Structure formats: structure tokens, C-alpha cells
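Biologist: Could you take me through one part of this structure closely? I would like to hear about the salt bridges and the strand residues around them.

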Amino acid sequence: MPLQALKFRPGIFRDNTSLSNEGGWFECDKIRFRSGFPEKIGGWVADTGTTSSTLSPPAGGFWGVCRSLFNWISLKGRNYLSLGTNLKLYIQNTSDSELGDVTPIRRTVSLASGAFTTLDTSAVVVINDITHGAQSNDFIQISGVSGAVNGIPDSDLNQEFQVTYLSTDTFSITVATPATSSGTTGACNIQYEISTGNDTYTVASGWGAGGWGGLTAGFASTGWGQSAATGVGVDLRLWSQINYGEYLLANPRGGSIYLWVPTVTPAITNRAQVLSPSNTNTQDGVAYWTTDASCPTACNIIHVSDSSRFVIAFGCNDYGSADINPLLIRWSDQEDYKTWAPVVTNQAGSFTLSAGSEIVAIKPQRQEILVFTDAAVYSMQYLGPPYVWGFQQMGSNISIISQNSVATADNNTFWMGVDKFYVYDGRVQTLPCSLRQHVFNNINNEQADQVFASTNEGFNEIWWFYCSANSNQVDSYVVYNYSEQVWYYGSLSRTAWLDSPLRHYPIAAGYDGQFFYHENGTDDGSTNPPSPIVSYIQSSDFDIGDGHNYGFVWRMIPDVNFDGSSSPYPQVTFTTRPRQNPGASYGSAAAPTVVSENNYSTQREHVVQRFTQTVNTRIRGRQMAFKVSSDQVGTAWQLGSPRIDLRPDGRR
């Protein structure tokens, strides 16, 4: 029998059985399709910057779990990257690669006496501050301590600390040097950073439910020490970030709007400031407070319209109210982030949507902003005075799974719903998906807010990251290649992703306090030295005819490309797996290794591929599956059209 080429349809199909997808691919991890053929994805390299803080993170370069990345350029040409975590807000300037802590300060107090209570030989110090408003895991900056406090050097106290809540009027910190006596004494100044948030969605009950001491995710308080209702859901901390010129606007979901102004020097030393009537801070000679009492004090999402330059708050408090209306949209005057009260001489205003119960997400498109509620999609378009903004419902009876599950590419907007995918190209449509059951039958819906999407424009891809059914952390992804209209999937722990044209590689954040530059090299750069990326793809079962006869494979002729490898002699494993019937286990597989004969460590230009020419096998079955895999450092590969020598071999 002549050689049989192993040519499979591009994309992964998991919505039926393996045999029903004969001629296609069925399983994979860390691969993509390019020009119809599978290849290993690119590697990633960890950012090597440091964090400018007296309190070092427990691991990596920043505190907390990053949920938002944003990149912009200042008027001085500085390339800034901001990271919003559940604990902090950071900004990195690429000129020094240092992460500057710009977390806003919510309260400053001077304690004249009796600030510290110590216990002999203990490193735990109690801070006495009436109605401090802090919760466990919040951060404070202590300064102004002059001289030792009960044996603790002032240098050990004039630092940043993460606190533990004790009561309405007290909390504790841990210092480096234990006290040598007990007592209450000392004076200091304390700056309180804004309250921290959760890194996962949790369902709490009893005392402290909804945040320590009754603080809810929306920053409203049920009263310190009061018991919250059983089964209260505590949302994770999500950020929305956008630039207003060279300024950064940042908003933790349910919290205030904060503004950060670049400093004169490259070093990032100033904190973001809240937009509120009482804020009279200046930085570098620029006044950036609002004198308008109508400025939103709490909202869920912010945005700046590109051409018309309005600051827009989605799901915010109304004029004269402190409570969030989750369907209310408000905007500032044009070219003025400080003015929010609508009068006949400006364009500030508001509008309340009618479909759904809350605004979940927004996404700018061509000449419009798409606004997603939990039941509909609206197009928000600038009309000019007197109406300013117009709203048109573009789709109803839709769903969206999270705030960050939307991405725009190729002039289309894609998003993940609660049970399927959607695309907007001027109208809302269901996006056909060959992995629908694989994704939605294996997703942790309780952690749906962790789902996020982003583009990988270099490869025409939309990536969605999510928590698998048995995980409370993001550990899985699914990819749609909108150019080739195919799907594939894999496993990878990331918490945020940014495909910015202002940096050379896509940026992604991990759980270890690091962020990474993806599609950079061939290996996993989260370790030192780098680790191999284990990648593979396996076909659906194929047979001879309708499987009436057994097939016998006695040799294979590989076809693979190793371009892009850094290993001197990269290699992959070709595996052919036989079985008798669809319900049977796979039998003994042939798994020959195919090694490149080109030395990639010395090669300086493309040469004709040379690798293992023929591998001998001895496998027999009615059905077979083909797999290619790699687990070597420095290996990049793209599969071509390998061939097998397959002949009928009886019926038993």
C-alpha cells in the first residue's frame, strides 16, 4: 500500500467523539495554528525590574494578584506600564524598569501620643487609632517616629507595613526588632492606602462577611463588628485604567476615580489622587483636584472617549447620592475631567440604561463605545449638544461572563458569554466554537469574574483565560484565530494580558508577583534557568476504510520545521497510538524521536531542513491517533505533512 500522508484539518474539535472527528485534531496544549499547520507557541521572559518600596513583596516584583495592565506614553516620551493588583497600584517607567508604588492614600493622621502598644519580647506592635477604617491586609506608611519605642528602633517603625485588623480602634503590625518592655507610648504620622480587595470571589457568612468588619467590596460599610448576612458574595478587586493625555485615570471596581500625574524626573515617587471636592493636592505644579461636588465618588468602570475627550463613569452614584446605580452612565464636560455638573454651558450629563440589572463591561469600537449589561449590548455614540451621547440597543438576550472578557481585533469585538462566545461586527452574532462543550463544561462559574480576554495580534488570535472547574485560580485558556477561524486551547496560569503596540512583546502577569514578555524565545522564563515548555497536539482517531481491517504501520517519514530553535539539536517526539475500537484503551504506542541535523546554535541563516529521515515502528490496530510533542529547552517546531506506511493486516 502506498505511503499515506497525515493531513488533518486545522483547529481542535472537542464537541463530539474522537472518531466522529476523523481527519481532525482532538487534543493539544501550548500550540497554535499558522497557515493551517500546528506549531509550538512562543516562550516568555520575566521582567527584571524591581519594586520601589521599603516593604518587599513576599515573592516576585509586586504585591497581590494583577488584574489590569495598561501602557501609554507621556509627553516626555516615557513608556509607562501600570499594574492594578488586589493590593496595590503600580507604574513602571521603562527607562529604569522600577515598579513605583502609586497606590492612593485614603487617610492621613498624626497621633500625638500613645500610638504604640508593645509586649516585652514580642515583634507584634499594636497601633492605637480611633476609627482607623483599616482592614486586614491593608497597607500603611508610618513616619515621624523619633527615638526608640520600648526598645524598638525608630528605623524599624518609620516604614511601610501590612496590617492585621484587631478592632475598630486598633490594628497590629510586625516589626523586625522585638520590644524590650511592655507599655503604650510614642507618636507618629500614618498614611493609610486605599482598602485592599480580594484576589478571588468568595462567599462569606457570619462575623466579618463582606469584608473585615463589615466592609463590602463596594467600600460601603455595614458597621464595624456587625454580622453580615449569610452567603454574602465578596467580589475580587478589578481595575479599569485609561490615559487622559499623559495622565492616568484608574478605578477599582466599586471605588473612586483616581488620577496620577507623571513626575518631572523619571523616578515614580508620587501617589495617585482621588477626584473629589476635598482633594487639593498638586504635583509638579499641576493642580489636579476637582472643585465639582457632583464628581462621581464611586463607580464600576471608567473610560475616556478617544476623539471627544470625555471622562465617562459606568455604573456610578447619581447626583446627590452616595449609592451606586449599576445602570447609570455619567460623563464629565468635554476636555475637562474636573467638571461633572450638567449646566447649559457645558456638555456634562448622564443616562440610565434600561435592559439588564448592571453594566458588566465596556469596549471602544470604531466611532462608538459598546456597553454590555448582563442582558443586552448598547452602542454609545457621540452626538454633540444638546443630547451629547446617544444610546442604541444592538442586541438583547445575550450574556457576558466578566468585565474583562471582551477583546477587539480586525474591526470586530469578541466576548465570552456564560455559555457561548459572541462577535459584534455591526450586529451581534453567536461565534461558532468547536470547543464550546470543552470550555463551558469545565469552567468554575463561581470564579467567572477572573475570566479575561486579550489579543495576540502578531498571530491573529483572541485569548480567553479562565479557571477550570476544580480551580480557584486561572489555569486554562482557549484561543480563537480569527484569520483562520479555528480554535485551540491549553493550560497556563496568567491573571492579566496586554497586547500593546508600545512594547515589543505581549505582556502578561502571573501569580508569583512577576509579569512576563510573551512570544519571546522558546522557553518558560519564569524559572532560572528557563524551563522547557511542554507542548503537544494529538489527532482524532483515523482508520483504514471503516475500520473493517486492522492496520499495520511499520515506518514513518517525518516532516517538521525547527526554525526559531535555540537548542543546537532540537527534537520532537512523533507518537502513533493504536486501539481496537472507540471504547478501548490505547495500546502500546510507537514514539520515535525526530532530531534535527542542523546545529541551530551556530546557524546564522536559513538552510534546508535536515532531520531524522525515517523511523521504524511496529504498531497494529483498527484505529490510530497521531501525536507530536516536545519537552526540550530551546526547541521550536512546526509540523508539516508526515507520512506513514500503513497496510491492511487482517480482521483479528
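Modeller: Happy to! Contact here means heavy atoms within 4.5 Å. Please keep in mind that this is a predicted model. Let's begin in strand β52, which spans residues 571-579 and holds T575. Setting aside neighbours within four places in sequence, T575 is in contact with A589, A590, A591, A625, F626 and K627. T575 has 10% relative accessibility, so it counts as buried.

Elsewhere, the side chains of E519 and R32 meet in a salt bridge at 2.8 Å, N to O. E519 sits in the loop between β46 (515-518) and β47 (524-525) while R32 belongs to strand β3 (residues 31-34), so the pair ties together parts 487 residues apart in sequence. Both E519 and R32 are buried.

A further salt bridge joins the side chains of D129 and R107 (2.6 Å, N to O). Here D129 is in the loop between β13 (124-128) and β14 (139-143) and R107 in strand β11 (residues 105-111), so the pair ties together parts 22 residues apart in sequence. D129 counts as buried because its relative accessibility is 3%, whereas R107, at 23%, counts as partly exposed.

The whole structure has 14 salt bridges.

Definitions and conventions
Residues numbered from 1 in each chain as written. Predicted model: local features only at pLDDT ≥ 70, side-chain atom pairs only at ≥ 80, totals over all residues. Heavy atoms only, no water. Helix = DSSP H or I, 4+ residues; strand = E, 2+ residues; numbered from the N terminus. Buried < 20%, exposed > 50% of the residue type's maximum accessible area, 1.4 Å probe, protein only. Salt bridge = Lys/Arg side-chain N within 4 Å of Asp/Glu carboxyl O.
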